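Reader: I am new to this kind of model. Can we go through the terms one by one?

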Amino acid sequence: MITIDTISKKYGKEVVLNVEKIEIPKGQSFGLVGNNGAGKTTLFNILLDLIRPTTGLITSNNIVVSESEDWKNFTGSFIDESFLIGYLTGEEYFEFIGDLRGMNKADVTAFIAQFSDFFNDEIVGKKKYLRDLSKGNQKKAGIVAALMGNPEVVILDEPFANLDPTTQIRLKQIIKNLTENKEVTVLVSSHDLTHVTEVCERIVVLDKGAVVKDIQRSEETLKELESYFAL
Amino acid sequence: MIMHFLKLEWKQFFRSSHWQKGIAIKILMAFFALYFIVVFLGIGVGGYFILKKQFPEQDPLVLVNSFLLYVFLGDLIFRYFMQKLPVMNIKPMLTLPIKKSKIVHFILVKSSFSFFNIMSLFFYIPFAIVLIKQGYDFEGVFGWLFTMILLVQSSNFLNFLINKNAVALGILVALIVGGYAVQYFQLFNLPGFVGTGFDFIYQNPTTVLTFVVILAGLYAVNYKQLRNEVYLDALVSEKTKEVIASDLSFTDRLGDLAPFIKNDLRLMWRNKRTKSSIWMLALGLGYGLIFYTNPVYEDIEVMCVLVGVFSTGTFLINFGQFIPAWDSSYYNMLMSQNFKYERYLKSKFTIMTISVVLLFVLGIPYLYFGWDILAVHFAAMIYNVGVNSHVILFGGTFNRKKINLEEKAAFNFQGTGAVQWLIGFPLMILPMAIFGLINWLVSFEIATITLGVLGFIGIALHKKLMAAIIKKYIANKYIMINAFGKEA
């Protein structure tokens, strides 16, 4: 589904990302872990064609992301709060994204209704602008918006950060459901090793821009990761 | 401690990424300030002699005093719109071992040195010196000068109390208009009456103490009010007003442009920056009244073009020059969403076109000044739609500055770069030049028609022009994403 081919990014002389080759098959749940500055967000930004790589190409569903915009049709993403429109209410924001994703108002309402537990009555029907919500609630709105319009690829940067424990558990369930039928490819980055090992079948560790580990999940994965980071 | 604060202010000023790029604007503002300083100094030094010459039988000081009511009321109204309330990023300070009272005092004292307070001193001080040189009583003049300084400072603190209060603004305007009216109809000379009060101060300089008390009182009230707001919840509490969502489904008729247009309407309605520029629209619409009622401009037909372009295009210019920076805070999201640039830009174009036509319709009362003027306005409207809208969209590709929607607009140059100043040239000067030239060579009618025809050509070429503009936007995509990601 997604091929990352010799992607590197340099700012001046500083290399922030240097990835040889990563092949992500359709339906895989892919986890990206690494310390601060490892290049996780940079990689996602390149995937979304928000930053140009210094070398290399990323293809998504045989589309080179930096050359055609067609990948946008099947890709949903949430990187940070800059993906939210602060002066809209939750409903209005979902309606806007839904419009862009070819959903009508009824579709949007039905879609949002599925997440009423996840939202815990704090986003929809609150008459509050997104900019006035707490960081965690903003994140919830952004994540759900990324799932709108049946995307085949979902990219979430640090989705567990800022969420309360209940919501973290619910989010893990949502991600598991997504990849259940092997239809949707999910890419998640996180600092939290437990969360990632729980939802992702494959985990890639980045360090200073380079891939240092690429493992399929097994019983020992969490231990392996913990011992790696415990240096 | 004060040194720490000052150092922080200094760093904030020079390290903002805005500073490095916005240097042209800073220079321009500096020239602006310098200009005012020179003008005020000129009036301050020469004022006495001018008044003496014009009104030889009257005392210049008494004359000045009889005007002070207008000066201070006008100053307050000006401050109401222009002066920003003192701010400081206090959040990081709250948990540090710094007395809250100290923070508040610092903010208040800092505001005393605002441009608005310093400016008028360039008049009062030289004027006072001239008075002393001319043999006025030394102590009296000093008392008078100190009263002026104290009053300017009092205005400063009074403004913070009445700002955001429309009733107070109403009272100020009523006082200034009423004062003028009763004077004009010779019912009662209110400004003169207030002036005699100032004369009294000159004769009895010790009365200056009253104004010290007034200033101290205003400072104390400000202190008390601010001191209560040095809490996190006070800082955020005003934000969370309940949303009044309006039904914008009428825009659905615009098809796939609707979501963007809805967004733009909400953007304008719900953010400080855009809301406070709405009164600019009224100003722009009424722009013609300055020219058409003034006999000096009667024979300068080119002025009709300026008024026409400006009055039908205020929205186009105000809104258009910051495309796509309005959307800068969520530009990343837009760029990863499933739509084509064309759809986005088309929606902006549509909004601008509607505004131009609407403003023309609202400006139809200009008919009062003659058919020919309305004809020029009509041609200017076509020109705005056909030419200026494309020019301004093209100019948008040079936008590199993030806009914080939550800040007030007056004198807010955030998001402004050299392009915003340069773009004024083709927008206003070009149609004026074309019109002026043809009007001079051929005739008024042909000149008007030419403007309209240019507009129609632009409309006819709309698709081609848009394609070129879109190309430019795509080429600049990454640079814009990068620039919008930086705090100004």
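Author: Start with contact: two residues are in contact if their C-beta atoms, placed from the backbone, lie within 7 Å. Among contacts in chain B between residues at least 6 apart in sequence, 81% join residues at least 24 apart. The model is predicted: local features need pLDDT of at least 70, side-chain atom pairs count only at pLDDT 80 or more, and totals for chains, interfaces and linings use all residues. Residues are numbered from 1 along each chain as its sequence is written, and chains are lettered from A and ligands numbered from 1 in the order in which they are written.

Reader: What makes Phe106(B) count as buried?

Author: A residue is buried if 20 or more other C-beta atoms lie within 10 Å of its own, exposed if 12 or fewer, and partly exposed in between; the C-beta atoms are placed from the backbone. Phe106(B) has 21 C-beta neighbours inside 10 Å, so Phe106(B) counts as buried. In chain B, 31% of the 488 residues are buried.

Reader: Which residues does Phe106(B) touch, not counting residues up to four places away in sequence?

Author: Phe106(B) touches Ile2(B) and Phe5(B). Phe106(B) itself sits in helix 6 (residues 100-112) of chain B.

Reader: How many helices and strands does chain B have?

Author: Helices (H or I, at least four residues) and strands (E, at least two) are DSSP runs, numbered from the N terminus. By that count, chain B has 26 helices and zero strands.

Reader: Into which domains is chain B divided?

Author: Domain bounds come from an automatic or database domain assignment. Chain B has domain 1 (2-237) and domain 2 (254-484). Their centres, taken over C-alpha atoms, are 36 Å apart.

Reader: Now chain A. In what order do the six strands of the open sheet come?

Author: The order is 6-7-8-3-9-10, with mixed pairing. Two strands pair if DSSP finds at least two bridges between them.

Reader: Why is one side of strand 6 and of strand 10 of chain A left without a neighbour in the sheet?

Author: Strand 6 (75-78) and strand 10 (210-216) of chain A stand at the edges, each with a single partner strand, so one side of each has no neighbour in the sheet.

Reader: How do you know that strand 6 and strand 7 of chain A pair?

Author: Strand 6 and strand 7 (residues 153-157) of chain A share four bridges, in the parallel sense. The cut-off is at least two bridges. Gly76(A) stands opposite Val154(A) in strand 7 of chain A.

Reader: Which helix packs on the sheet, touching strand 6 and strand 7 of chain A?

Author: Helix 5 (residues 135-146) of chain A does, and its direction makes about 170 degrees with that of strand 6 of chain A. Axes are lines fitted to C-alpha atoms, for helices over the stretch in contact, and angles run from 0 to 180 degrees between N-to-C directions.

Reader: In what sense do strand 9 and strand 10 of chain A pair?

Author: Strand 9 (residues 202-207) and strand 10 of chain A are antiparallel over six bridges. Leu206(A) stands opposite Val211(A) in strand 10 of chain A. Their hairpin has two residues between the strands, and Lys208(A) takes a positive phi near 45 degrees there.

Reader: How many residues of chain A are in contact with chain B?

Author: 24 residues of chain A are in contact with 23 residues of chain B. Helix 2 (residues 90-100) of chain A gives the largest share of the chain A side, three residues.
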